[in-house]
Amino acid sequence: MKKTTLLLYTCMGIALFGSCKKFLDVNPDNRTQISTIDKVKQLVGTAYPQSDYLTFAETASDNAEDKGSGDINDYVTAYYFWNDYPNNETNTAISYWNGCYSAISSANQALKSIEDNHLGAAADPYKGEALVCRAYAEHMLSIFFAKPYVSGGDNSSPGVPYPTTPETILLGKYNRGTVQSTYDSIEADLTAGLKLLSANAYDVPKYHFTPAAAHAFAARFYLFKGEWQKVIDNVAQIIPSGDIKDNLRQWTSVFKPMSLQDFNIAFTKTDVKSTLLMNSSYSTYQRVYSTPQYGYGSNLSNMFLPEGNCVGKALNNIVANYGLPNYTTYKWKEYFYYATANTGFPYLPVILFTVDEALLNRAEAYAHLGNFDLALQDLNTFYSTRMSYYDPIKDAVTFPKIMAYYSISDQQTGIIRAILDAKKAEFLQEGLRWLDIARTGITVKHNVINNKGVETFIELKPDDPRRLFQLPPQVALAGIALNPR
């Protein structure tokens with residue numbers, strides 16, 4: 001193999017279908033081989049991170065607890081105590097950094113190939129996909145490795161490197177820019193890419209940024225920016241008919257009646273209407289998170305009970321276990337890619353965007369704009385598919401219920417907290433809770449049980465520098481400053 005790229009990412013050699021992608025394992029002079037629309041289409045298909053954030057995002061969040069016993073894993077322990085983990089093992093933050101920059105490298109090469117070969121309007125869907133893929137990977141990097149964007153505030157702290165051309169030298173120099181410049185570049189790519197996307201350009205659309213998936217990404221991005229009306233406008237483009245309820249996860253009518261085995265298969269199938277974007281990620285999350293000491297335990301399972309929400313009624317999520325107190329949502333089914341007859345790699349079909357998240361993002365945007373009735377309407381639409389025998393009058397979320405449950409008198413604060421709690425429960429073991437923790441400054445509290453069974457608590461507060469995951473130590477060779485500690 002000829003190494004031609006630096007490396008914002010380290011070529012791991014074990015990623016799904018090959019981390020050192022076949023289109024990039026060539027001398028730069030030979031990249032003109034990517035000269036047709038079909039080859040560009042294949043290349044853009046690799047512009048999605050082939051690592052996932054499930055393990056480190058869940059463990060660092062308040063969706064994990066010390067169960068007092070269980071399997072001990074070095075990186076799970078490190079993330080639970082918000083310590084740096086410097087290696088790029090599967091499931092780690094550094095593995096995800098590598099996966100994102102590898103995806104960005106593919107996107108950049110696709111864009112260059114389209115331009116160099118004058119592929120014209122027929123390549124527009126793949127040009128749009130490459131732009132949105134680059135924006136998505138950069139946004140996820142900024143969430144985990146940089147400070148959150150502050151609407152109307154100071155965004156001069158370090159962002160994340162934003163390469164826009166193929167890397168062709170081994171030890172190039174990069175800078176992090178600022179959070180502001182990172183977000184400006186993300187928005188430029190996202191806006192340009194959205195105009196070019198097509199819903200009909202792919203054999204399996206759920207594994208690509210279709211217009212619907214890209215608008216869901218845009219809604220999330222503008223939620224981070226605090227541009228509330230743009231959140232609402234983009235959610236409206238996901239389901240143009242406006243029939244959001246029938247496109248949510250159908251927990252009560254479809255998932256809940258299934259056997260565990262059937263649900264485990266069905267949850268990540270491409271025919272689930274609520275799923276907008278999926279990604280095959282090299283991952284052992286399902287193995288590592290079966291019986292860990294730090295993870296989903298009995299305290300967290302209470303969020304699905306009537307006392308776990310402001311409605312006062314049980315939620316129809318899957319609450320299963322591998323033997324108490326090792327609970328699981330059983331959402332992820334591990335598959336295996338055979339590279340040879342006897343070797344290969346485990347991977348998960350990970351769900352990246354859903355109609356459900358978009359709806360709750362819109363509800364929060366309405367709340368920030370003071371449109372409380374519309375915020376409640378979206379929250380009630382969400383809960384109507386989560387509760388058996390839902391009664392739109394008796395079971396509706398109301399301000400009196402919110403105020404009583406949270407002991408809060410401010411309506412806006414109350415409805416936003418209710419929305420965030422709904423997301424916390426719904427996306428348990430999907431890694432999305434960390435996004436809200438980073439964006440809104442939620443203090444994370446972890447319990448710690450010592451060998452005598454004594455429980456104490458530790459906290460990760462909004463101004464703690466450990467809320468930013470640490471960059472790979474090797475990137476200092478490219479002139480990139482690490483996060484302060």
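An axis here is a line fitted to the C-alpha atoms of a helix over the stretch in contact, and the angle between two axes, taken between their N-to-C directions, can run from 0 to 180 degrees. Keep this in mind as you move through the structure, which is a predicted model.

**First stop: α14 and α16**

Select residues 372–384, which form helix α14, together with residues 411–426, which form helix α16, and you will find that their axes come within 11 Å and cross at roughly 20 degrees. Angles under 35 degrees count as roughly parallel, and α14 and α16 are therefore roughly parallel to each other. As you turn the view, note that α14 passes α16 in a left-handed crossing. To see what makes the contact, show the side chains of F372, A375, L376, L379, F382 and Y383 on α14, and then those of Q411, Q412, I415, A418, I419, A422 and E426 on α16. If you colour these residues by class, ten are nonpolar, two are polar and one is charged.

**Second stop: α13 against α14**

The crossing of α13 and α14 is left-handed. On the α13 side, select L359, L360, R362, A363, Y366 and A367, which meet F372, L374, A375, D378, L379, T381 and F382 in α14. This contact of α13 with α14 has ten nonpolar residues, one polar residue and two charged residues.

Now show the aromatic side chains, among which a search of the whole structure finds 44 aromatic pairs. Zoom in on F81 and Y294, whose ring centres lie 5.6 Å apart and whose planes stand at 85 degrees, so the pair is edge-to-face. Where in the chain do F81 and Y294 sit? F81 is in the loop between α3 (74–80) and α4 (93–116), whereas Y294 is in strand β3 (residues 294–295), so that the pair links distant parts of the chain, 213 residues apart. Are these two residues buried, or partly exposed? F81, at 23% relative accessibility, counts as partly exposed, while Y294, at 8% relative accessibility, counts as buried.

**Last stop: a cluster of rings**

Finally, select Y53, F56, Y75, Y79, Y85, Y96, F144, W434 and F469, which ring pairs link into a cluster.

Notes
Residues are numbered from 1 along each chain as its sequence is written. This is a predicted model: local features need pLDDT of at least 70, side-chain atom pairs count only at pLDDT 80 or more; totals for chains, interfaces and linings use all residues. Side-chain values use heavy atoms; hydrogens and water are left out. Helices (H or I, at least four residues) and strands (E, at least two) are DSSP runs, numbered from the N terminus. Angles under 35 degrees count as roughly parallel, over 145 as roughly antiparallel, 65 to 115 as roughly perpendicular and the rest as oblique. A crossing is left-handed if the near helix is turned anticlockwise from the far one by less than a right angle, and right-handed if clockwise. Contact means heavy atoms within 4.5 Å. Ala, Val, Leu, Ile, Met, Phe, Trp, Tyr, Cys and Pro count as nonpolar, Asp, Glu, Lys and Arg as charged, and the others, Gly among them, as polar. Rings of Phe, Tyr and Trp (its six-membered ring) pair if their centres lie within 6.5 Å; planes under 30 degrees apart count as stacked, over 60 as edge-to-face and the rest as tilted. Buried means under 20% relative accessible area, exposed over 50%, partly exposed in between (1.4 Å probe, protein chains only).
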